[in-house]
Amino acid sequence: MALPWALAVLSLLPLLEARSLGCANFTAAPMTNATLDHISGKWFYIAGASHNPEYLEVMKTYQASYFYCDANHTEDTIQFREYSTIGNKCVYNFSILTVQRENGTITTNEMGREHIGHVWFTKDPSIILFVYFPDDKQKIALFFCADKANVTEEQMREFHEAIVCVGMDKSEIMYTDEKQDQCGPLEKQHEEERKKKQEEA
């Protein structure tokens with residue numbers, strides 16, 4: 001089972017729940033081509049916190065993780081490739097996420113269940129926050145992703161502010177460690193295979 005933000009990656013509906021003033025720095029985004037272009041590329045999962053027992057069990061197993069999003073505007077899909085280190089081994093996950101522009105969501109199903117999240121953008125375009133169950137304090141989950149494995153103190157501060165604004169505590173945060181990554185060789189192999197296919201096309 002993949003991380004919940006990897007299962008749903010990205011519902012872009014505005015959050016309906018009224019936010020505290022502490023959340024004013026975090027904004028939901030409509031589903032547009034520009035948004036999809038921003039999401040496309042390589043992202044590192046840095047840290048997360050959750051009150052959802054199912055998500056917590058998955059989060060505990062992750063030592064390091066990063067993923068690629070490749071949006072297709074015409075087909076309204078996203079190719080999602082995730083490289084995660086679990087139990088000192090690389091686990092690769094590939095899935096196609098479907099974009100529903102009419103209601104601003106991107107969803108996928110895991111074992112017959114649909115996972116939907118909200119994406120928050122901050123003033124820093126190099127980080128994204130994924131929020132699940134924002135209106136349910138018993139299940140709420142928040143995940144912090146960045147376009148680099150090593151984040152700045154300011155970027156981490158923004159994440160901590162988001163944790164507080166959704167009603168969680170910094171002590172609940174679980175961090176990954178890029179130094180434990182075991183997926184470099186497999187990522188390199190996949191990249192070489194893709195280049196070979198492009199040359200043959």
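A charge sits over a ring if NZ of Lys or CZ of Arg is within 6 Å of the ring centre and within 35 degrees of the ring normal. The model used in these exercises is predicted; local features need pLDDT of at least 70, side-chain atom pairs count only at pLDDT 80 or more, and totals for chains, interfaces and linings use all residues. Residues are numbered from 1 along each chain as its sequence is written, and side-chain values use heavy atoms, with hydrogens and water left out.

**Exercise 1. Charges over rings**

Over the face of which ring does Lys42 lie?

Solution. Lys42 lies over the face of Tyr66, at 4.5 Å from the ring centre. Arg81 lies over the face of Tyr68, at 4.5 Å from the ring centre.

**Exercise 2. Aromatic pairs**

Classify the pairs Tyr45–Tyr62 and Phe144–Phe159.

Solution. Step 1: the rule. Rings of Phe, Tyr and Trp (its six-membered ring) pair if their centres lie within 6.5 Å; planes under 30 degrees apart count as stacked, over 60 as edge-to-face and the rest as tilted. In the whole structure, 12 aromatic pairs are found.

Step 2: Tyr45 and Tyr62. The ring centres are 6.5 Å apart and the planes are at 80°, so this pair is edge-to-face. It links distant parts of the chain: Tyr45 is in strand S2 (residues 41–50) and Tyr62 in strand S3 (residues 62–72), 17 residues apart. Helices (H or I, at least four residues) and strands (E, at least two) are DSSP runs, numbered from the N terminus. Tyr45 and Tyr62 are both buried; this term means under 20% relative accessible area, while exposed means over 50% and partly exposed in between (1.4 Å probe, protein chains only).

Step 3: Phe144 and Phe159. With centres 4.9 Å apart and planes at 20°, the rings are stacked. Phe144 lies in strand S10 (residues 141–146) and Phe159 in helix H4 (residues 153–165), so the pair ties together parts that are 15 residues apart in sequence. Phe144 is buried, at 0% relative accessible area, and Phe159 is buried, at 0% as well.

**Exercise 3. Two sides of a helix**

Which residues of helix H3 (residues 53–61) are buried, and why do they line one face?

Solution. Step 1: the buried residues of H3 are Tyr55, Val58 and Met59. Step 2: seen down the axis of H3, these residues fall within an arc of 100°, so they line one face of the helix. The arc is that of the directions from the helix axis to the C-beta atoms. Step 3: the face turned away from the buried side carries the exposed residues Pro53, Glu57 and Lys60.
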